[in-house]
Amino acid sequence: LDGSGNLFAADIVNGVLREVTYPVSSSINFNDVIIGTTSPVKQQAFANIGNASLSLTTPFTTTDSHYAASTDPSVTTCGSSLAPGGACAIGYTFTPTVFGPLNAQSGVPSSSYNSPQTVFFSAFGLNTQVLPYTLTPETEVYGQPFTETAVIHLIYPDLTPTGTMAYTIAGETPCSITGIFTATVDCAASESGIGIGAYSVLFTYTSGDQSYYSTTDTTTLTITPGSLSVSPANVTKPYGAPIPALPATISGAVNGDIFLPTETTTATAASSVGAYPITATLTGVSRASLNNYNVTYNTGTLTVKPIPLTVTVGSVSRIYGAANPTFSSTITGAINGDTFTVTYSTAATAASPAGTYPITATVTGPQTGNYIVTVVPGTLTIAPMPLTVTVASATRPYGAANPTFSSTITGAINGDT
C-alpha cells in the first residue's frame, strides 16, 4: 500500500510485482494430483509497499474444502496485519477426493479499499495410474553384463513415478534399480549365470508413491554364445626324441567355467625333420558346457629339428704307384636304424708323389635330412717305394782314360726317369 492508497501484490508464481486494482486476483494451478493425496504447498505472496499498516482477516478460507490454506507458519507467514514495507505469503494445498477438474478460490479480506484480494485455484483429481511403459527384449552374450530397459510413457508429466524396478530370471535377480523414473530407464545387469537360450524375464515395479500402482510383467532375454578359443603352444623336439608335453592356452571362459584341453599331433618320435600341426579338443568340467560358446580351435606347430651325425673317415697308407686302398669310416649319432651311403674322394692318384692327401666323404640316404652331418676327413699317406741303381763295373789299361760308366735301375715305375 503506497501513500496514495494503491495496493501492490508480489506475484511469486509469475515472478512480478502487480498493482492491485479492483477486483484484485491471482491464480494457482495445482495441475494433476492423485485422489487421496495432498499436493505440494504452493504459496501466494502479498506485499505492503505503502506507508500504512494493512489489516488481514484470518483465518484464511477457501470456497471448496478440497483446497486449504496451510496453518504451518513455515509456509503461511501472513497474520492479522502487514506492516508498511512488509511481505508475507499464504500456502495452499489441494487434496482431491473425486476424479476430474475442480476450481475454487480464496478471498483474502483486508483493510485495503479493494478488499478482498482473490486467489483462483485450478487442479485435476486423478485416480492412481497404471504405469505406462514398454519393456525392451534384451540380449546377453553368455557370461557378459547386459542392460534391461524400460521406456516410460508419461501421460501426466507432473506425475513422475518413483520406486524400484527389478528383473528376475530363473529365480535370480541380476538387476534392480531404485529412484525417480523418467523416459528410458536402463538397469545395468550382471551376467545372468545361465546358458544360452531364450528365457522369460519377470519385471516387477514396486511403486514408491501413490501416483502409480505396483505391477508385474514379463519380457524376454536371449542369451547368445560367448567366444572361447584354445591355442596350442608351438614346441620343438630333436629328431628321434619322444613327443614333448603339448601345452595349450584357453581364452574366453566365463562364469567360472573350466575346460580341459587334449592336444594331439600327427608327429611321432620317428617323424622326420619338419613342421607338424598340433590340434586340441576341449572337455568341460562340472557344469561347463561348450554349447555356451562359439569355439575357435587354433593350431600350433611341432617342429622336429635335425640332430648331429658325425662321419669320421679312417686314415690309410700305400706306397707310391700303388692303387688307392679301400676307404672306410665310422658313423656316430645315427638312430632309428637309419643307414647311409658314404662316398669317398681324395685328390691322390696312383701317380701322385709321396706325401699326405685328405680323404673326404659325401653322405647320402633317405634319412640324411634328419641330421646335421659333420665329416671328419681322413688322411691318405703315400710312402716312397724302393729304387735300386746298380752301377756296372768297368776296366781300362793303364794310362787310358776312364771308360763310360753305366748302371742298371730297378724299381722305377710310371715311366719315371
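Me: Which cysteine forms a disulfide with cysteine 78, and how far apart are their sulfur atoms?

Reply: A disulfide is a covalent bond between the sulfur atoms of two cysteines. In this predicted model, cysteine 78 is joined to cysteine 88, with 1.9 Å between the sulfur atoms. The two cysteines are 10 residues apart and link distant parts of the chain. Cysteine 78 sits in the loop between strand 6 (67–69) and strand 7 (81–82), while cysteine 88 belongs to strand 8 (residues 87–94).

Me: What is the torsion about the S-S bond of cysteine 78 and cysteine 88, and is the disulfide right-handed or left-handed?

Reply: The torsion is about 85°, so this disulfide is right-handed.

Me: Is cysteine 78 buried or exposed, and what about cysteine 88?

Reply: Buried means under 20% relative accessible area. Cysteine 78 has 8% and is buried; cysteine 88, at 7%, is buried as well.

Me: How many disulfides does the chain have?

Reply: The count is two disulfides. Besides the pair already described, cysteine 175 and cysteine 187 form a disulfide, and their sulfur atoms lie 1.5 Å apart. This pair also links distant parts of the chain, with cysteine 175 in strand 15 (residues 172–180) and cysteine 187 in strand 16 (residues 184–189), 12 residues apart. Both cysteine 175 and cysteine 187 are buried.

Me: What pattern do the disulfides of the chain follow?

Reply: Number the bonded cysteines along the chain, and the pattern reads 1-2, 3-4.

Me: How many helices and strands does the chain have?

Reply: There are zero helices and 34 strands. As for overall spread, the radius of gyration is 57 Å, well over the 22 Å that the globule rule gives for 417 residues, so the chain is more spread out than a compact globule. The box filled by its C-alpha atoms, taken along the principal axes, is roughly 195 × 55 × 25 Å.

Me: What share of the residues count as buried, and what share of the contacts is made by residues 24 or more positions apart?

Reply: Of the 417 residues, 35% count as buried. For contacts with a separation of 6 or more, residues 24 or more positions apart account for 64%.

Notes:
Residues are numbered from 1 along each chain as its sequence is written. This is a predicted model: local features need pLDDT of at least 70, side-chain atom pairs count only at pLDDT 80 or more; totals for chains, interfaces and linings use all residues. Side-chain values use heavy atoms; hydrogens and water are left out. Helices (H or I, at least four residues) and strands (E, at least two) are DSSP runs, numbered from the N terminus. The radius of gyration is taken over C-alpha atoms; the globule rule is 2.2 Å times the number of residues to the power 0.38. Buried means under 20% relative accessible area, exposed over 50%, partly exposed in between (1.4 Å probe, protein chains only). Contact means heavy atoms within 4.5 Å. A disulfide is a pair of cysteine sulfur atoms within 2.5 Å.
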